[in-house]
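Please read it alongside the sequence and the coordinates shown here.

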Amino acid sequence: MSMIADFYGGKSILITGATGFLGKVLMEKLFRTSPDLRVIYILVRPKAGQTLQQRVFQILNSKINMQMKTQRPHELFEKVKEVCPNVHEKIRAISADLNQNDFAISKEDMQELLSYTNIIFHCAATVRFDDHLRHAVQLNVTATQQLLLMASQMPNLEAFIHISTAFSNCNLKHIDEVIYPCPVEPKKIIDSMEWLDDAIIDEITPKLIGDRPNTYTYTKALGEMVVQQESGKLNIAIIRPSIVGATWQEPFPGWVDNINGPTGLIVAAGKGFLRSIRATPMAVADLIPADIVVNLTLAVGWYTAVHRPKSTLIYHCTSGSLNPCNWGKMGIQVLATFEKIPLERAFRRPKADFTTNNVTTQYWNAVSHRAPAIIYDFYLRLTGRKPRMTKLMNRLLRTLSMLEYFINRSWEWSTYNTEMLMSKLSPEDQRVFNFDVRQLNWLEYIENYVLGVKKYLLKEDMAGIPEAKQHLKRLRNIHYLFNTALFLIAWRLLIARSQVARNVWFFIVSFCYKFLSYFRASSTLKV
């Protein structure tokens with residue numbers, strides 16, 4: 001028997017961020033391994049025209065396919081419905097808004113949460129790198145503080161697990177499993193966000209975040225400090241995953257449902273939008289599959305509740321120290337996979353090069369990104385359609401600029417607590433809740449990742465692969481034709497304007513003529 005799976009049986013679990021990518025994988029694993037758990041409470045933001053039950057239905061089932069007009073099961077929860085047919089009855093959606101000071105939870109719902117909750121998994125956060133500091137503080141810092149206050153009033157709470165990020169201290173080269181202090185106290189930041197206007201916040205943001213690249217990493221570091229300061233007598237642990245990617249094994253390889261992080265780059269490269277990226281090929285791509293993060297999270301929840309460590313333990317969930325894979329190797333494998341399983345209706349053939357300095361980056365952005373977008377938009381205007389490619393390309397380039405900090409650096413994360421926890425697990429738990437990243441085969445994982453993007457995110461039919469390959473051949477022929485025409489036009493203009501070019505051209509023609517004459521003469525003599 002799995003001790004971890006048995007532990008969650010009969011438990012009432014509160015998950016924030018359950019509608020997000022990681023939250024869905026966490027719920028799926030909980031239901032599949034502990035189908036006899038009592039209930040999972042999820043905090044759901046009200047949406048106009050949708051009931052809470054409809055929101056739950058959206059999590060468990062895919063949206064309607066508008067072409068087929070049929071309802072299809074959501075792939076992620078297919079296995080869950082086999083072992084837990086009444087799964088929809090075990091999800092209790094609570095109307096809540098983390099932007100509100102009290103989460104806007106009704107008195108009845110709050111009382112139920114306070115009375116019955118045994119475990120809290122705090123996954124909710126804003127992951128936007130360019131988010132306004134006020135909003136990032138509210139979701140990543142203030143909401144964490146308020147959830148801890150709620151937790152302190154729960155008599156049956158056994159563990160509070162906070163999901164942070166390995167990049168909360170990315171201004172350091174080597175990062176230990178400790179909480180690092182920020183120059184300004186979180187309480188002062190929270191208080192100032194309540195009365196400062198946006199213009200002043202915009203002005204002081206660069207000074208506050210210092211040598212961190214964005215408001216996301218800064219506020220996640222503040223959130224960790226809040227956990228440390230407000231923990232009181234709670235059993236708390238912090239998990240720091242690096243770049244969360246598609247699933248490795250569970251519930252099946254390659255599942256992903258959003259375009260955050262590397263997924264967006266894979267889509268952009270596969271569709272032919274992304275042709276050049278400023279990155280260090282030898283820098284470690286510290287990617288971590290979502291199911292590894294979830295397995296560690298559930299193991300940490302069990303260990304924290306059962307063994308009750310004397311202090312708040314931090315667990316790094318990273319791959320760079322134990323099983324590194326660099327961006328160059330990853331890029332090569334992604335492009336190689338596109339040769340076998342291309343995406344449909346690509347704008348151009350998949351091809352992406354690494355640049356290493358600002359000058360070459362600006363050049364290739366102009367030549368490979370902006371210029372083709374402008375030409376395509378001109379074509380759309382000529383055919384009476386609305387131009388959209390330039391806007392899309394500008395958005396892609398903005399995203400790339402925000403990612404440059406992370407794809408040009410490598411970090412060293414200590415993993416003492418993570419390895420300690422692994423040693424505490426029984427052989428069965430090590431199998432069922434496997435978070436040993438050393439077992440990951442990167443080439444196989446990346447291929448499944450690309451396949452998952454095609455199947456689960458883009459909803460493309462595998463039967464369309466032959467047509468997609470034909471489309472890429474047509475794009476290749478158009479590319480050769482365009483380049484040939486461009487060369488001939490440029491050469492013709494050059495000959496017309498330059499005597500040196502004409503002399504070179506006449507020399508080449510004369511040389512070719514003499515070579516052919518010699519070849520013919522040689523052939524005649526041999527005969």
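**Note on the predicted model**

1. Strand E2 (residues 39–44) pairs with E3 in the parallel sense over five bridges. Strands, like helices, are DSSP runs numbered from the N terminus, of at least two residues for strands (E) and at least four for helices (H or I); two strands pair if DSSP finds at least two bridges between them. Val-44 has Ser-95 in E3 as its bridge partner.

2. The model is predicted: local features need pLDDT of at least 70, side-chain atom pairs count only at pLDDT 80 or more, and totals for chains, interfaces and linings use all residues. Residues are numbered from 1 along each chain as its sequence is written, and side-chain values use heavy atoms, with hydrogens and water left out.

3. An open sheet of seven strands has the order E3-E2-E1-E4-E5-E7-E11, with parallel pairing. Its edges are strand E3 (91–95) and strand E11 (313–317), each of which pairs on one side only. On average, neighbouring strands of this sheet are turned by 20 degrees against each other, direction ignored.

4. Two helices lie across strands of this chain. Helix H3 (residues 52–60) lies across E2 and E3, at about 130 degrees to E3. Helix H9 (residues 215–230) lies across strand E5 (159–163) and strand E7 (236–241), at about 165 degrees to E7. Axes are lines fitted to C-alpha atoms, for helices over the stretch in contact (heavy atoms within 4.5 Å), and angles run from 0 to 180 degrees between N-to-C directions.

5. The largest nonpolar core has 111 residues, and Ile-15, Leu-30, Ile-42, Phe-121 and Leu-421 are those with the most contacts inside it. Such a core is a set of buried Ala, Val, Leu, Ile, Met, Phe, Trp, Tyr and Cys residues joined through side-chain atoms within 4.5 Å; buried means under 20% relative accessible area, exposed over 50% and partly exposed in between (1.4 Å probe, protein chains only). Helix H11 (residues 290–307) supplies the largest share of this core, eleven residues.

6. Not counting residues up to four places away in sequence, Ile-15 touches residues including Leu-26, Leu-30, Ile-42, Phe-121 and Cys-123.

7. Helix H18 (residues 465–497) has 33 residues and reaches 48 Å from its first C-alpha to its last, close to the 48 Å expected at 1.5 Å a residue; the expected span is 1.5 Å times one less than the number of residues. Ile-465, Ala-468, Leu-472, Leu-475 and Ile-495 of H18 are buried.
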